[in-house]
Amino acid sequence: MKLQLALDLVNIPEAIELVKQVEEYVDIVEIGTPVIINEGLHAVKAMKEAFPSLQVLADLKIMDAGGYEIMKASEAGADIITVLGATDDLTIKGAVEEARKQGKSIMVDMINVKNIEQRAQEVDALGVDYICVHTGYDLQAVGKDSFEELQTIKRVVKHAKTAVAGGIKLATLPAAIQAQPDLVIVGGGIATQEDPRSVAREIRNQLNQGA
Ligand SMILES: O=C([C@H](O)CO)[C@H](O)[C@H](O)COP(=O)(O)O
C-alpha cells in the first residue's frame, strides 16, 4: 500500500518544509485544492522541482474541460491529476486521453457520488488509473468516513487502483488497511500533528505490516 501526503492548509514554503521532514515515508505528495486555489499550478511546479523523485498529485478536482486542464497540470509537472467522478463521461474520457498523451495518471475522486457501486464500474471502464473514495472536510465535520465505500469499490473495480481519503489518522488507519486499498491518502493526520515525521513513519510501518 502506498502513502500519499495531502498538503491543503499551507503555502509553498511551508509545504516544502513539511515534505523535507517526511519524504522518506511517502510515495506521493498531493498539492491540495486549497493550495492550488491560493497559489496556482506554481505550487505543483515548485514541489516537483524540489522533490523530483516523488510523484506529485495535483488535486484539481476537474469538473469540465478535462483535456485542457490535464494538459496545463502536466505542463506544471504533475504526475497524477484528479477529476471528479460526479462529472460526465466526456470530461473523464477527455482527461484520460490527454493523460495518455502526456504520460500522466488520472485519479477519479468519488466525493459526493451517490451510487458509488455503479459509478465506480463506469469510471473504471473509462480507463482511469485510480478511483478514490473520499469524505470531504464538510462531511468529516459531521462524523462521516469512507471505509464502507472503500469496501464497495474494492469489490467492483477491476482495472483501476483503489484509494481512500478524508480525515484518516493513526487512530482510524486500521479501518483503511483492513480493506487493502492500493493507496491511503492522509492530510491533517500527518500535516497538522506536533511531530509529522514520527507520525508519517508510524503510518508507513502500519501500511507495510498490513500489506
Ligand atoms: O481533498 C481534500 C479536501 O477535499 C480538501 O481539498 C484533502 O486533501 C483530503 O481530504 C485529505 O486530507 P485530510 O482529510 O486532512 O486527510
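Predicted model: local features only at pLDDT ≥ 70, side-chain atom pairs only at ≥ 80, totals over all residues.

Biologist: Which strands make up the closed barrel?

Modeller: It has 8 strands, in the order β1-β2-β3-β4-β5-β6-β7-β8, with parallel pairing. From one strand to the next, the twist averages 25°.

Biologist: How do you know that β1 pairs with β8?

Modeller: Two strands pair if there are at least two bridges between them. Strand β1 (residues 2-7) and β8 are joined by 4 bridges and run parallel. Therefore they count as paired. Leu3 has Val184 in β8 as its bridge partner. For Leu5, the partner in β8 is Val186.

Biologist: What joins β1 to β2?

Modeller: The count is 4 bridges, again in the parallel sense, to strand β2 (residues 28-31). Gln4 stands opposite Ile28 in β2.

Biologist: Why is β1 called mostly covered?

Modeller: A residue is buried if 20 or more other C-beta atoms lie within 10 Å of its own. In β1, 5 of its 6 residues are buried.

Biologist: Why are the buried residues of α8 said to line one face?

Modeller: Helix α8 covers residues 147-156, and its buried residues are Glu149, Leu150 and Ile153. Seen down the axis of α8, they fall within an arc of 105°, so they line one face of the helix. An α-helix has 3.6 residues a turn, so residues three or four places apart point the same way.

Biologist: What is exposed on the other side of α8?

Modeller: Glu148 and Arg155 are exposed there. The buried residues of α8 have a cover that includes α6 (116-125), β6 (130-134), β7 (161-165) and α9 (173-178).

Biologist: Why is Leu18 called partly exposed?

Modeller: Buried needs 20 or more neighbours, and exposed needs 12 or fewer. Leu18 has 19 C-beta neighbours inside 10 Å, so Leu18 counts as partly exposed. Leu18 lies in helix α1 (residues 12-22).

Biologist: Which residues does Leu18 touch, beyond those up to four places away in sequence?

Modeller: They are Leu7, Val10, Ala191 and Pro196. Leu18 and Pro196 are 178 residues apart along the chain, yet their C-alpha atoms are separated by 7.8 Å.

Biologist: What stands out about the phi of Lys61?

Modeller: Phi of Lys61 is near 45°, a positive value in a residue other than glycine. Lys61 lies in strand β3. With 19 other C-beta atoms within 10 Å, Lys61 is partly exposed.

Biologist: Where is Asn112, and why is Asn112 called partly exposed?

Modeller: Asn112 is found in the loop between β5 (105-109) and α6. Exposed would need 12 or fewer neighbours. Asn112 has 13 C-beta neighbours inside 10 Å, so Asn112 counts as partly exposed. Asn112 is not a glycine, but its phi is positive, about 65°.

Definitions and conventions. Residues numbered from 1 in each chain as written. Helix = DSSP H or I, 4+ residues; strand = E, 2+ residues; numbered from the N terminus. Arc of directions from axis to C-beta. Contact = placed C-beta atoms within 7 Å. Axes fitted to C-alpha atoms, helices over the stretch in contact; angles between N-to-C directions.
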